Structures are given as C-alpha cells and as structure tokens.
Amino acid sequence: MIGAQQVVDSALAAASADETIVIVTDRVAASLRWANNTMTTNGVSTSRSTTVISIARQGKTARVGSLRTAEVDPELIPRLVQASAEAAAAAPEASDAAPLLSGSGVPDDWDAPVPGTGVEVFADVAASLSQSFRGVELLAGFARHELETTFLATSTGVRRRFTQPTGTVEINARHGEASAWMGVGTLDFVDVSTDSMLEQLSTRLDWAARRVELPAGRYETIMSPSTVADMMIFLGWSMAGRGAHEGRTALSRPGGGTRLGERLTELPLTMYSDPHAAGLRCLPFVAADSSSETVSVFDNGMEIERVEWIRDGVINALAYPRAAAAEFDAPVAIAADNLLVTGGEASLDDMIAGTEHGLLVNTLWYIREVDPTTMLLTGLTRDGVYLVEDGEVRGAVNNFRFNESPLDLLRRATQAGVSEQTLPREWGDWATRAAMPSLRIPDFHMSSVSPAQ
C-alpha cells in the first residue's frame with residue numbers, strides 16, 4: 001500500500017475540476033475482548049479511506065461532487081478523481097459556497113511515517129482483569145485503541161495533518177441478578193486505572209444486594225458524569241445556528257430569532273469544545289467530506305478554535321460555518337470533537353451525603369429524540385439505578401424509561417459536581433472525549449418502569 005502522501009499527490013495531479021480537496025485517513029485499531037471471566041479475542045486491523053471533493057465554479061455559484069472509497073489500489077485514484085469531477089458538474093448549486101482557504105506551507109511532519117498501535121497497549125488492563133477473573137463477579141467488556149491519521153490537501157495549497165488517538169475501556173460486572181457498568185475514554189491508556197474501575201464496580205454490586213421496587217414518577221436524581229455526557233453531547237450536536245434562525249429547533253426564540261444570550265441555568269456552568277483540551281485533544285482543523293448545517297466542505301483546513309457554547313449558564317454561541325456566519329451576521333463557530341462542562345464544585349460523595357431521598361443513576365442507553373422543538377429525549381436506565389436515603393446508598397432499584405430535555409435539565413439543576421473525564425454510554429461509539437460534572441435534578445422524570453435487567 002503506497003503512502004497517504006502519495007495518494008494525495010496522485011489525486012491532485014489527476015484533478016480537472018476548478019478546485020479539488022483530497023482527504024486521506026489511515027486507521028490502525030487494536031482491540032481486546034473478554035467475557036465470562038475469560039479473555040476471548042484480540043487483534044489489530046488497518047484501513048484507509050480516500051475522499052476526493054471536486055468543486056465546479058461558475059461566477060459566484062459552485063457545485064460540489066464528493067466521493068469516498070476504501071480501496072487502496074493506486075491505479076483507482078485517477079478514476080475516483082474523474083468520477084468526483086463528473087458528480088460536481090451534475091450537482092445542484094451549493095448553498096454554502098465560499099472561497100477555499102489558501103495554503104500556508106507544508107507541515108513539518110507531512111512526510112513522517114503513520115504511527116501504529118497494537119495489543120501491547122492493553123498490557124496493564126489485561127493484567128488487572130486477569131487477577132479479577134478469580135473473583136466472584138462475572139466480568140465482560142471491551143477495550144479498543146485507534147490511531148487515525150488524517151491528511152488533508154487542496155488545490156489552493158492547503159496541507160494539514162493530524163493523528164487522533166482514541167481509546168476506551170468498558171467493563172460490565174455481574175453478581176447474581178445485579179449488574180454494573182463503567183467506561184472510560186483515554187488517549188493512550190497511561191491514565192486508565194483498571195483496578196479503580198473494578199473496585200467501583202464491586203461497590204455498586206454490593207449496593208445492589210438489596211433491591212427495591214419503585215413506581216414511575218419524578219424523583220430527586222443525581223446524574224453521574226456519564227449520564228450527563230449522554231444528554232449534553234446531544235445538546236452539543238444540536239447547536240446549529242441555521243436551524244435556530246429558521247425556527248426549527250429548541251434553540252429558536254418564539255416569535256423569531258435565536259435564544260442566544262438566554263440564561264439556561266443559575267448554576268455557573270460553562271459548556272465548551274476545545275481541540276487542545278488537556279487529555280481530550282482532537283482534530284484541530286476542519287476535515288469534512290460533506291456539508292451540513294454545522295460544517296462545510298468549503299471550510300476544509302480551517303483552524304478549529306475553542307468555543308464556549310454556554311458561558312456561566314448563558315447560551316453564548318451557535319454553530320456556523322463561514323457561509324452561514326456571513327448570511328446571519330454571526331461569528332464563525334465550529335465544534336471540536338470533544339465536549340466539556342465545568343463550573344461545579346461538589347464531589348459525588350458529597351452530593352450523595354446531601355440527599356435525603358432520591359436516586360443515583362449511573363448509565364443511560366437507547367436515547368432517542370421525541371420532539372426537536374423542545375429537544376425532548378427518551379431513553380432507558382441500565383446497569384445500576386440506586387436508592388439514596390439519609391445520605392447513603394441503600395440498594396438498587398428497578399430500571400425506568402425517562403423523558404427529559406437537556407435544556408430542561410440545565411434549567412432545573414440545583415447542584416453540579418466537579419467535572420471529570422468520562423465516557424457516555426449511549427454515544428460512546430461516536431463521542432469518546434468528554435469531561436462532565438454530576439448534576440442534581442430535583443424532579444427527574446422517570447416516565448415508566450422498564451422490565452429490562
């Protein structure tokens with residue numbers, strides 16, 4: 001397989017469109033799986049995706065053709081480029097047309113080899129698990145590590161390169177009818193304490209020695225950082241400025257305009273994305289193979305900056321690619337592939353100690369949108385809902401279906417914990433880089449009892 005840099009050069013050399021963008025991504029992924037207290041599979045895989053975006057311009061209008069392939073045969077590259085140009089010629093006018101960025105030189109690491117990974121990255125995880133396999137809990141789970149190196153080049157001289165490390169560990173523990181889940185995200189596994197994860201899982205299984213059946217209703221609820229991540233990430237994905245201006249989303253102001261500047265919560269919470277956030281670093285430039293309301297192919301190669309979407313409880317920014325920003329006279333704002341919420345001060349133990357009667361919810365799953373105009377979501381609890389009485393966890397309760405909006409949760413939250421790096425359960429396959437607080441909600445809506453175990 002030829003190098004990604006050669007693919008870029010070959011595609012640009014074959015280009016016939018007015019402008020051409022080439023994105024090549026090389027992936028190396030290692031995985032480790034275990035079940036029933038036994039290691040089951042491990043392995044390493046490699047792959048490449050090549051995207052050619054052709055732009056045909058006529059006056060102030062532009063047409064875009066974008067084609068992607070997983071083929072690695074270099075002889076196919078000219079055909080991909082030609083097909084992309086033909087697609088652009090036949091495409092409708094692009095509503096997000098803008099000039100491409102101009103080049104600023106070749107990065108120093110452009111020609112460096114693509115880094116790899118292997119199962120040896122899981123050595124400490126495997127060692128801790130092997131010791132725990134002799135315990136009473138049944139353990140199952142999955143660990144993965146992926147290095148994704150992106151090369152982006154345009155016919156206007158832009159050259160960008162970045163290697164994205166992504167790692168996760170998810171562990172399920174069972175004892176009798178009780179189950180518990182924990183997950184963490186990581187860049188390199190150096191910061192993963194499997195022993196600590198297993199200790200916390202054991203504590204949760206001990207809590208579940210007593211089981212309490214509760215009806216549906218509204219309960220004071222402490223949401224763990226993982227559950228907060230699942231709700232806030234959906235909010236982050238829904239911050240498109242265009243949809244808000246056009247009255248189609250929960251961020252549209254009744255009567256017209258957007259909710260920019262509106263206070264969501266009295267708590268001093270700030271929600272932001274930042275490609276350079278410590279421990280959560282991610283792609284620092286736009287690399288889009290298609291346009292959407294929040295990203296544009298015409299912005300490829302553009303630097304992604306820190307954006308405070310909510311600042312001290314107030315909606316501070318909405319997502320605008322360059323064309324939309326110009327149309328709505330708004331600042332350009334592009335979301336990085338991470339999300340952080342900060343501003344809380346309490347520890348989770350303190351929040352539990354301050355609860356007279358309520359629930360502690362550790363994971364959510366099967367989340368779906370019910371009403372986009374209010375951002376109402378529904379989903380289920382899973383693997384650990386606990387009863388808190390007089391400042392202590394007293395047992396596990398049955399699972400529930402919930403109906404809640406991330407915006408409403410922020411409005412009603414009465415306490416926030418210290419932000420910590422976490423892994424969302426529902427969105428963990430797509431959004432692994434998050435830091436969230438625990439949140440206290442005085443009346444979390446458990447709409448019905450779920451029979452799931």
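D312 is partly exposed in this predicted model, because its relative accessible area of 43% falls between the 20% and 50% limits that separate buried from exposed residues. The residue belongs to the loop between β10 (307-311) and β11 (314-315), and its phi is near 50 degrees, a positive value in a residue other than glycine.

**Positive phi in a loop**

- N36 counts as exposed because its relative accessibility is 60%, which is over the 50% limit.

**T363, a buried loop residue**

- T363 sits in the loop between β13 (357-361) and β14 (364-371), and with a relative accessible area of 1% T363 is buried.
- Beyond the neighbours within four places in sequence, T363 is in contact with W181, T227, L380, T381, R382, D383 and R425.
- T363 and V228 are 135 residues apart along the chain, yet their C-alpha atoms are separated by 9.2 Å.

- V158 lies in the loop between β4 (138-154) and β5 (159-175), and its relative accessible area of 6% places V158 among the buried residues.
- When neighbours within four places in sequence are left aside, the residues in contact with V158 are L101, S102, G103, L152, A153 and G301.
- The C-alpha atoms of V158 and S104 are separated by 6.4 Å, although the two residues are 54 residues apart along the chain.

**S84, a buried helix residue**

- S84 is part of helix α2, which covers residues 77-90, and S84 counts as buried because its relative accessibility is 0%.
- The side chain of S84 reaches the backbone oxygen of G65 at 2.9 Å, and G65 is also listed, together with V52, I53, S54, S66 and L67, as being in contact with S84 once neighbours within four places in sequence are set aside.

**The chain as a whole**

- The chain holds nine helices and 22 strands, and 53% of its 453 residues count as buried.
- A compact globule of 453 residues would have a radius of gyration near 22 Å, and the 24 Å of this chain agrees with that value.
- Taken along the principal axes, the C-alpha atoms fill a box of roughly 70 × 55 × 35 Å.
- Of the contacts between residues at least 6 apart in sequence, 73% join residues that are at least 24 apart.
- The chain exposes about 19500 Å², and carbon and sulfur atoms supply 49% of that area.
- There are 36 positive and 58 negative side chains in the chain, and the centres of these two sets lie 3 Å apart.

Note on methods:
Residues numbered from 1 in each chain as written. Predicted model: local features only at pLDDT ≥ 70, side-chain atom pairs only at ≥ 80, totals over all residues. Heavy atoms only, no water. Helix = DSSP H or I, 4+ residues; strand = E, 2+ residues; numbered from the N terminus. Rg over C-alpha atoms; globule rule 2.2 N^0.38 Å. Buried < 20%, exposed > 50% of the residue type's maximum accessible area, 1.4 Å probe, protein only. Contact = heavy atoms within 4.5 Å. Areas by Shrake-Rupley, 256 points an atom, 1.4 Å probe, with all protein chains shown as cover. Lys, Arg positive; Asp, Glu negative; His and termini not counted. Charge placed at Lys NZ, Arg CZ, Asp CG, Glu CD. Polar contact = N/O pair within 3.5 Å; in protein donor to acceptor, adjacent residues only side chain to side chain.
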